[in-house]
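Subject: Structure handover

Hi,

Here is the structure I promised to pass along. Have a look at it first, and then read on for what I found.

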Amino acid sequence: MLVEQQTPIARFIQEHAERSYYSYEEIALLCGFKTSDMIHAFMRGERKVPLDKVAPLAEALGCDRNQLFVHALKSWFSPELFNQLEECFGTRQESKAERGWIAALREIFGGEVPELTGKMRSRLRILTGISR
């Protein structure tokens, strides 16, 4: 299957499976499957990831569990229902690294992060050495 034809979750799983330290067979075993057929079916978009398999699959792939879970929810539910779920429960789409930045900012500012002003953004760019 061409990458352009894959669903977002299939593409996400394939990209992380290709970078994983584990073989497809090992990923399958870590998720409780007997063979790698199910992993390949996920990557082809032929099967949806069962929600109870998201955490072990994310662990085996070495990817962010929250991002994989959001992809899985979007594959199971219509956009309208997903949006309702997001409004009710709030899905955290931030990566582990992004959550680390948020935690550091909360620590720096004593728990309450102020609004990001243009001046603060400029200073952050200077501190990180990133210019645009």
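Arginine 19 counts as exposed because its relative accessibility is 57%, where exposed means over 50% relative accessible area, buried under 20%, and partly exposed in between, computed with a 1.4 Å probe and protein chains only. Its place is in helix α1. In sequence, arginine 19 and threonine 128 are 109 residues apart, and their C-alpha atoms lie 28 Å apart in space.

Before going further, the ground rules. This is a predicted model, in which local features need pLDDT of at least 70, side-chain atom pairs count only at pLDDT 80 or more, and totals for chains, interfaces and linings use all residues. Residues are numbered from 1 along each chain as its sequence is written, and side-chain values use heavy atoms, with hydrogens and water left out.

Overall picture

The protein has eight helices and zero strands, with helices (H or I, at least four residues) and strands (E, at least two) taken as DSSP runs and numbered from the N terminus. Read from the N terminus on, the order of elements is α-α-α-α-α-α-α-α.

The radius of gyration of the protein is 18 Å, whereas a compact globule of 132 residues would have one near 14 Å. That radius is taken over C-alpha atoms, and the globule rule is 2.2 Å times the number of residues to the power 0.38. Along the principal axes, the C-alpha atoms fill a box of roughly 55 × 35 × 30 Å.

Of the 132 residues, 23% count as buried. The accessible surface comes to about 9600 Å², and 54% of that belongs to carbon and sulfur atoms; these areas come from the Shrake-Rupley method with a 1.4 Å probe, and for residues only the protein chains shown count as cover. Taking contacts between residues at least 6 apart in sequence, 45% join residues at least 24 apart, a contact being heavy atoms within 4.5 Å.

Helix α1

Back to the helix that holds arginine 19. The 12 residues of α1 (residues 8–19) should span 16 Å at 1.5 Å a residue, and its end C-alpha atoms are 17 Å apart, which agrees. The expected span here is 1.5 Å times one less than the number of residues.

Which residues of α1 are buried? They are Ile9, Ala10, Phe12, Ile13, His16 and Ala17. Seen down the axis of α1, these buried residues fall within an arc of 160 degrees, so they line one face of the helix; the arc is that of the directions from the helix axis to the C-beta atoms. As a reminder, an α-helix has 3.6 residues a turn, so residues three or four places apart point the same way. On the other side of α1, Glu18 and Arg19 are exposed. The cover over the buried residues of α1 includes α2 (24–30), α3 (37–44), α4 (54–61) and α5 (65–76).

In α3, the buried residues are Ile39, Ala41, Phe42 and Met43, and what covers them includes α1, α2 and α4. Glycine 45 follows α3 and has a positive phi, near 80 degrees. This glycine 45 sits in the loop between α3 and α4 and is partly exposed, with a relative accessible area of 40%. Glycine 45 and threonine 7 are 38 residues apart along the chain, yet their C-alpha atoms are separated by 6.2 Å.

Cysteines

How many disulfides does the structure hold? There are zero, with a disulfide taken as a pair of cysteine sulfur atoms within 2.5 Å. Cysteine 31 is in no disulfide, and the nearest cysteine sulfur, that of cysteine 63, is 9.8 Å away. Is cysteine 31 buried or exposed? Its relative accessibility is 2%, so cysteine 31 counts as buried. Cysteine 88 counts as exposed, because its relative accessibility is 62%.

Two more residues

Leucine 29 is placed in helix α2, and it counts as exposed because its relative accessibility is 58%. From leucine 29 to histidine 71 there are 42 residues in sequence and 22 Å in space, C-alpha to C-alpha.

Arginine 99 lies in helix α7 (residues 96–108) and is partly exposed, with a relative accessible area of 22%. Arginine 99 and glycine 62 are 37 residues apart in sequence and 16 Å apart in space, C-alpha to C-alpha.
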